Amino acid sequence: MDYSQFFSAALNRLHDERRYRVFADLERIAGRFPHAIWHSPKGQRSVVIWCSNDYLGMGQHPKVVGAMVETATRVGTGAGGTRNIAGTHHPLVQLEAELADLHGKEASLLFTSGYVSNQTGIATIAKLIPNCLILSDALNHNSMIEGIRQGGCERKVFRHSDLAHLEELLREAGPDRPKLIACESLYSMDGDVAPLEQICDLAERYGAMTYVDEVHAVGMYGPRGGGIAERDGVMHRIDVLEGTLAKAFGCLGGYIAAKAEIIDAVRSYAPGFIFTTALPPAICSAATAAIRHLKTSSWERERHQERAARLKAILNAAGLPVMSSDTHIVPLFVGDPEKCKRATDILLEEHGIYIQPINYPTVPKGTERLRITPSPYHDDGLMDGLAEALLQVWERLGLPLRKRSMAAE
């Protein structure tokens, strides 16, 4: 039997649906972010990255790089094992304490990625609650969906941020059934924010636990970077907060923070935690340095919000179809998978601008877009150049523009 035919057929389906993914070979340059080197088929090219999740540029911060280098020099590279077998090293213990403090919780637990923290965290919590009903927001990330599915309990999906629908499902479940509400605080493809205070109100009224994914908000919002929950004053009302070290903190890994007994139960039962090697000491030290810095420094957050607001104003003034967003996410509507991919190819090859196309299944078909994430280090000149390049691409591909605002006249 020719087994390769199955894989070829699967790949052909992706090509036919115009959603086969092509990765750009990029080499970031510490100290020059967002500038990078693109190792193109025709050789090295200088490019500007406009879609990184290193939102604040902490991946190049001297404190973060210094902590990583110092720790690797002092204790070596790998963790040496799973958490149970020699892998609970001191920098990791320090990092978990730092994360618990960041979110005002009794404890936290580290995982190898944000995806794994959702996948195994939600599944384990659900399995430990008899007859648990999970109420999941319709736009939850794939990692949350997988965690819910693997939990094996009943689940119901409520319309995105629809409080009336959520309350209807909570009421139907009855007061005696255990319930877990799972949502994100900031949805990364549209840039909208969940009504966390009202969700907490409903959870308390109907006796439900709350699990909130803050991966696109930690480090970015709140007086100390605790996320949307800290900004909105509801951090203490949320049972489990999940986050990542790979975005605003510029490192790698994921975590959950909660009461000590919840963390201890997940630590004791979660296969995705028990049977995997711990994060390396250097990564943990670097993440701790980033968190400590952002707890006391507001410059990065303030500058970042100013940059995002300016970019939205420039693109809107140019008549480009910026999708509404109150956060640092700047989505630009395309609505066609082939043109979305072609637009990013032209931007990269002809303008030295790297933006990855966002197509199905990341977003629904017909809502394909460019997802732009300015950082504190994208200056006015880079923004003006981006707007000019986008206008040229829009005209070339016959994509519709909005009526230009008076600011563009």
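This briefing covers the cores, cysteines, salt bridges and one surface patch of the structure. The model is predicted, so local features need pLDDT of at least 70 and side-chain atom pairs count only at pLDDT 80 or more, while totals for chains, interfaces and linings use all residues. Residues are numbered from 1 along each chain as its sequence is written, and side-chain values use heavy atoms, with hydrogens and water left out.

**Nonpolar cores**

- The largest nonpolar core has 53 residues; a core is a set of buried Ala, Val, Leu, Ile, Met, Phe, Trp, Tyr and Cys residues joined through side-chain atoms within 4.5 Å.
- Buried means under 20% relative accessible area, exposed over 50%, and partly exposed in between (1.4 Å probe, protein chains only).
- Leu 110, Ile 181, Leu 196 and Leu 245 have the most contacts inside the largest core.
- A second, separate core of 37 residues includes Val 48, Ile 314, Ile 353 and Ile 355.

**Cysteines**

- The count of disulfides is zero, a disulfide being a pair of cysteine sulfur atoms within 2.5 Å.
- Cys 132 is in no disulfide, and the nearest cysteine sulfur, that of Cys 153, is 4.6 Å away.
- Cys 132 is buried at 2% relative accessibility.
- The sulfur of Cys 340 is too far for a bond, because the closest cysteine sulfur, in Cys 51, is 11 Å away.
- Cys 340 is also buried, at 0%.

**Salt bridges**

- The whole structure holds 27 salt bridges, each a side-chain nitrogen of Lys or Arg within 4 Å of a carboxyl oxygen of Asp or Glu.
- Arg 149 and Glu 146 form a salt bridge at 2.7 Å, N to O; Arg 149 is partly exposed at 46%, whereas Glu 146 is buried at 18%.
- Both lie in helix α6 (residues 142–151), three residues apart, so about one helical turn separates them; helices are DSSP runs (H or I, at least four residues) and strands are E runs of at least two, numbered from the N terminus.
- Arg 237 forms a salt bridge with Asp 201, with the closest N and O atoms 2.5 Å apart.
- That pair links distant parts of the chain, 36 residues apart: Arg 237 is in the loop between α9 (228–231) and β11 (240–244), and Asp 201 is in helix α8 (residues 196–206).

**Surface patch**

- Met 1, Tyr 3, Phe 6 and Phe 7 form a nonpolar patch on the surface, with about 560 Å² of accessible area together.
- Such a patch joins nonpolar side chains (Val, Leu, Ile, Met, Phe, Trp, Tyr) within 5 Å, and like charges within 9 Å, from residues with over 30% relative accessible area and no salt bridge; areas come from the Shrake-Rupley method with a 1.4 Å probe, and for residues only the protein chains shown count as cover.
- Tyr 3 is exposed, at 53% relative accessible area.
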